[in-house]
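Trainee: Could we go through this structure together? I would like to understand what stands behind each label.

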Amino acid sequence: MKKIEILAPAGSFDSVIAAVRSGADAVYLGEKSFSARSSAKNFDDEELKKATAYCHIHGVKVYVTINTIVFDDELEKLKKAIISAAEADVDALIVQNMGVARLAHRLVPELALHASTQMSIHTASGVKALYEMGFKRVVLAREMSKKEIEKCCEIPVELEVFVHGALCMCVSGQCYLSAMIGSRSGNRGACAQPCRLPFSVNNQKGGHALSLKDNSIVNYLGELQNMGVASAKIEGRMKRPEYVSAAVRACVEQRDFGFISDKTQEMLRGVFSRTGFTDAYYIGKTGSHMFGTRTKSDVVSADEKLFSAIRSSYKDEIGNVEITFDFTAKLGENPVLVASDGVHTVKKISDTVTEKAINRSLDKERCEKQLKKTGSTAYNPTDVNINIDDNISIPLSVLNSLRRDVLNELDTARSVVHNYKINRDYEITFPKFTPPVEKSTRARVPQTKLSDAFKKCELVFVPLFADKRELVRLKNEGFNIGVEIPRGMFGREDTIAKKLSEMKEIGISDVLCNNLGALYIAKNLGFTLHSGFGMNFVNTLDLLWAEKYGIKDAELSFELDFKRINALGGNIPRGIISYGYLPLMLCRSCPVRGAGIECKSCKNQSKMKDRIGKQFLLKCDGNCTEVLNCDLLFVSDKQLLTFSTSFNIFRFTVENYVETVESLNESSLISMLKEKLTYGLYRRGVN
C-alpha cells in the first residue's frame with residue numbers, strides 16, 4: 001500500500017525549509033498574486049524557483065496555489081503567474097475556478113491540476129465531475145465525515161484531506177462575510193476573519209458563534225491511508241515555520257509509527273491552539289463542543305522557549321537522498337568521481353594528475369571519510385566505492401572539489417523534473433456579450449405558497465424537497481417552476497438524485513445548481529442546467545467553460561461590481577441577484593446548536609447579533625445553515641437597466657409576504673420594505 005503523502009503549508013522560504021527537514025513529502029505555497037492566503041509572505045518568481053529547486057533536490061513535491069477568483073482585468077497577470085509556475089517546474093497548480101483551469105490547460109497542457117477546497121467539493125458526484133474533466137487531484141471540503149470521504153475514494157482520482165489546522169465556520173468557497181462587511185474577500189485571499197469576533201445567538205450574552213476549534217484528525221491517518229486518500233494536508237500558510245515543523249512531525253510519526261510521541265503532541269498543541277482541537281466533522285458528531293477561541297493560555301504556551309526547541313530540531317540540513325560514489329584514481333591519470341541517486345548519474349574528472357606519494361600515501365579509508373562529508377547537502381552516501389592505486393598522492397582539496405562539483409551538478413539534475421512545454425503565444429480572446437433588449441425576471445423562493453405575481457416570472461425556483469403535490473399544483477396553475485438543489489449536499493446525493501427523478505416524472509426540467517456535484521447529477525439525469533451564485537463565476541473564461549459544459553445560463557457572483565459585470569464577454573445568458581438577504585455563509589456546524597440551543601427551540605427562527613448590534617438571520621434546511629446578511633439587497637428597476645445582463649433574480653428566504661405580494665416590480669416591493677437596504681458589492685466591489 002502506498003504511503004499517504006504528508007503535505008505541508010509554506011508561507012515563506014523558512015517554512016519550506018522547516019517542512020522539508022521535518023519530513024514532509026510535499027509543500028503547497030502561493031505566488032505573490034492569486035493566493036487564497038494573501039497575508040502570507042508568498043513567493044515571487046525567483047523565490048518560487050529557489051523553493052521548488054530546494055524541494056525537488058530533496059525529493060519533495062511543490063504545489064502552487066492559484067486558488068482565488070480572478071477578474072477579467074487580471075487575466076493577463078494570471079497568464080504570467082501560470083507561466084511562472086511552469087518555468088519554476090512546480091508539480092501541480094491548485095485552482096479554485098474553472099476559468100483558471102481552462103487557461104492553465106491551454107498554456108501548459110502537461111501541468112497537473114488540483115481542485116482547491118475553494119471549489120466546495122463535498123460529494124462523490126463533485127469528485128466524479130472533476131475526474132472526468134482531467135483533474136489529477138481533488139481537495140475535499142473540511143466538513144466531510146469519514147463515510148462521505150470513503151464514498152469519494154471509490155473514484156480513481158487522488159484525494160487530499162485536511163488533517164490539521166484552522167477550521168472556517170463556512171464551507172470554503174462559500175463565504176462572503178468578510179467581503180460584505182469590509183470588501184475584503186475570502187475568495188480573493190483577503191479575508192479579515194470577522195468570524196473570530198464575538199457573535200451571539202438569540203440575544204444570549206457573550207459567545208463566539210462563528211469560531212471553531214482547529215481541526216485535527218492526525219490520529220486517523222492510518223484509516224485515511226487504508227481508504228485510499230492520497231494526501232494528508234496541513235493548514236497554515238500564514239503560520240510560522242515552527243508550527244509547520246511540529247505539524248509535519250506529528251503526521252510523520254502517526255503515519256510511520258502509528259502514534260504521536262508525548263513530546264510532539266505537546267509541541268503541536270503549544271505552538272497553536274484554540275482551546276484544543278476537534279475531530280467532530282470526521283466522526284460525524286457536531287455540536288457546541290466544536291467551538292473555541294484563542295485564549296490567553298493558548299497564547300502563553302507558544303513562547304520563545306517552545307519555538308527555540310522546535311527550531312533546533314530542523315536547524316541542520318538532512319541527508320535524505322541516498323547516493324553512491326565511485327571514485328577512481330590511477331597513477332599518472334586524472335582522478336574521477338561518479339555520483340548516482342539511482343536516476344541521475346554525474347561524472348567529474350579532476351584537472352589534477354595523480355602523483356606517486358613521497359611521504360604519506362592516500363588510502364581508501366581517508367578517501368571514503370573525505371567523500372562522506374556531505375553534511376550541508378541533501379545527500380547521504382550509503383555506498384562509496386574506492387578504486388585507487390597503491391602509494392599515490394592526491395591533495396584532499398581535490399577530493400573536496402570533486403565532491404562539491406558532482407553534488408552541485410546532481411542538484412541541478414534533480415531540481416528539474418518536468419521541463420514543461422509552454423504555449424507562451426496563446427492569446428486570451430473571447431466574444432463580446434450582447435444583452436437582450438428586454439430582461440426577464442426570475443425568483444428563488446423557500447416555499448410553495450405563492451401569489452399570482454410570480455406567474456409572470458420566467459422561472460421560479462422552489463426547494464427540491466418541497467411537497468411533490470404542491471409542485472404539481474403550481475405547474476397546473478400556470479407557474480413556470482424549476483427546483484433548486486440544496487447548496488449543502490453532504491451525505492444526500494443519492495436522495496437528491498432520487499428526488500430529481502421524481503421531478504422529471506411530473507414534468508419539471510429546470511434545475512438551479514450551486515456546485516459541481518449538483519451540476520453533475522442534474523446533467524446526467526438530463527435536466528436543463530442553471531448555475532447559481534455558489535459557482536463563483538466572475539470572469540469570461542468561467543462563462544465559456546459553463547457554456548461548454550452545457551449550462552444554459554449563469555447567475556453571476558455577487559462579489560462582482562457593476563463595471564466588471566458589464567465587461568464580461570461570452571455568449572451564455574447571465575443574471576444577478578437584485579433582491580434578497582444575501583447568504584454570507586454556508587455552515588454545516590450550526591451556530592444555533594453551537595450556542596447550546598436545540599432545533600426544537602430554534603424552530604428555524606434564530607438570529608445572530610454581532611458586537612455592534614447588527615442582526616444576521618439564520619436559515620436551516622436540516623443539513624446546513626445559511627447566515628444571511630443583516631441588510632436587504634435591493635437594485636432598482638432603473639439601476640438594472642445599466643447592467644449588461646439577461647435576467648435578474650429575486651431571492652426570497654425569510655420573507656412572509658411572498659404569498660400576498662401583488663407585483664415583483666419596484667413600486668410594489670418598496671412599499672413592503674422596512675429593512676435597511678443595501679446595493680451590496682455592485683458599487684464598491686472587493687479587494
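Trainee: In the hairpin of β26 and β27, which residue takes a positive phi?

Mentor: That is G613, with phi near 95 degrees, in a hairpin that has four residues between the strands. Keep in mind that this is a predicted model.

Trainee: What makes β26 and β27 a pair?

Mentor: Two strands need at least two bridges to count as paired. Strand β26, residues 607–610, and β27 have three bridges, in the antiparallel sense, so they meet the definition. Within this pairing, M608 has F616 of β27 as its bridge partner.

Trainee: And how do you know that β27 and β28 pair?

Mentor: By the same rule: at least two bridges are needed, and β27 and β28 have three, again antiparallel. Here C620 stands opposite T625 in β28. The hairpin of these strands has four residues between them, and G622 takes a positive phi near 90 degrees.

Trainee: Which elements give two or more residues to the lining of the second largest pocket?

Mentor: Let me begin with the pocket itself. The second largest pocket has a volume of about 510 Å³. Its lining has 26 residues, with R444, P446, P463, K619 and D621 nearest its centre. The elements that give two or more residues to this lining are β27 (615–620) and β28 (625–628). By class, the lining has eleven nonpolar, six polar and nine charged residues.

Trainee: What makes a space a cavity rather than a pocket?

Mentor: In a cavity a 1.4 Å probe fits but cannot get out, whereas a pocket is open. There are five cavities of 30 Å³ or more. The largest cavity holds about 130 Å³ of space, and of its 14 lining residues, Q96, Q118, M119, G534 and M535 are the closest to its centre.

Trainee: How many charged residues does the lining of the largest cavity have?

Mentor: It has no charged residues; the classes there are five nonpolar and nine polar.

Trainee: And how does the lining of the second largest cavity divide?

Mentor: Into nine nonpolar, one polar and one charged. That cavity has a volume of about 100 Å³, and among its lining residues are L140, R142, F162, N215 and Y282. Both β7 (158–165) and α11 (280–283) supply at least two residues of that lining.

Trainee: What about K603, buried or exposed?

Mentor: Exposed means over 50%. K603 is at 62% relative accessibility, so K603 counts as exposed. K603 also has a positive phi near 55 degrees, and its place is the loop between α22 (599–602) and β26.

Trainee: How do you know whether S120 is buried or exposed?

Mentor: The relative accessible area of S120 is 4%, under the 20% cut-off, so S120 is buried. S120 is found in the loop between β5 (112–115) and α5 (124–132). In sequence, S120 and R487 are 367 residues apart, yet their C-alpha atoms are 9.6 Å apart in space.

Trainee: Why do β14 and β16 stand at the edges?

Mentor: They belong to an open sheet of four strands in the order β14-β13-β12-β16, with mixed pairing. β14 (345–349) and β16 (379–388) each have a single partner strand, so one side of each is left without a neighbour in the sheet. From one strand to the next, the twist averages 15 degrees. Five bridges join β13 (residues 336–340) to β14, and these strands run antiparallel.

Trainee: Last one: what caps the N-terminal end of helix α16?

Mentor: D467 does: a side-chain oxygen lies 2.8 Å from the backbone nitrogen of R469. A polar contact needs N or O atoms within 3.5 Å, so the 2.8 Å distance falls inside the cut-off. The helix covers residues 468–476, and α16 is followed by G478, whose phi is positive, near 100 degrees.

Terms used: Residues are numbered from 1 along each chain as its sequence is written. This is a predicted model: local features need pLDDT of at least 70, side-chain atom pairs count only at pLDDT 80 or more; totals for chains, interfaces and linings use all residues. Side-chain values use heavy atoms; hydrogens and water are left out. Axes are lines fitted to C-alpha atoms, for helices over the stretch in contact, and angles run from 0 to 180 degrees between N-to-C directions. A polar contact is a pair of N or O atoms within 3.5 Å; within protein, one must be able to donate a hydrogen and the other to accept it, and residues adjacent in sequence count only if both atoms are side-chain atoms. On a 1 Å grid over the protein atoms alone, a cavity is a set of points where a 1.4 Å probe fits but cannot get out, and a pocket is an open set with protein on both sides within 12 Å along at least five of seven lines; lining residues have an atom within 4 Å of a point. Grid points are joined across faces, edges and corners, and a volume is the space filled by probe spheres set on the points. Ala, Val, Leu, Ile, Met, Phe, Trp, Tyr, Cys and Pro count as nonpolar, Asp, Glu, Lys and Arg as charged, and the others, Gly among them, as polar. Buried means under 20% relative accessible area, exposed over 50%, partly exposed in between (1.4 Å probe, protein chains only).
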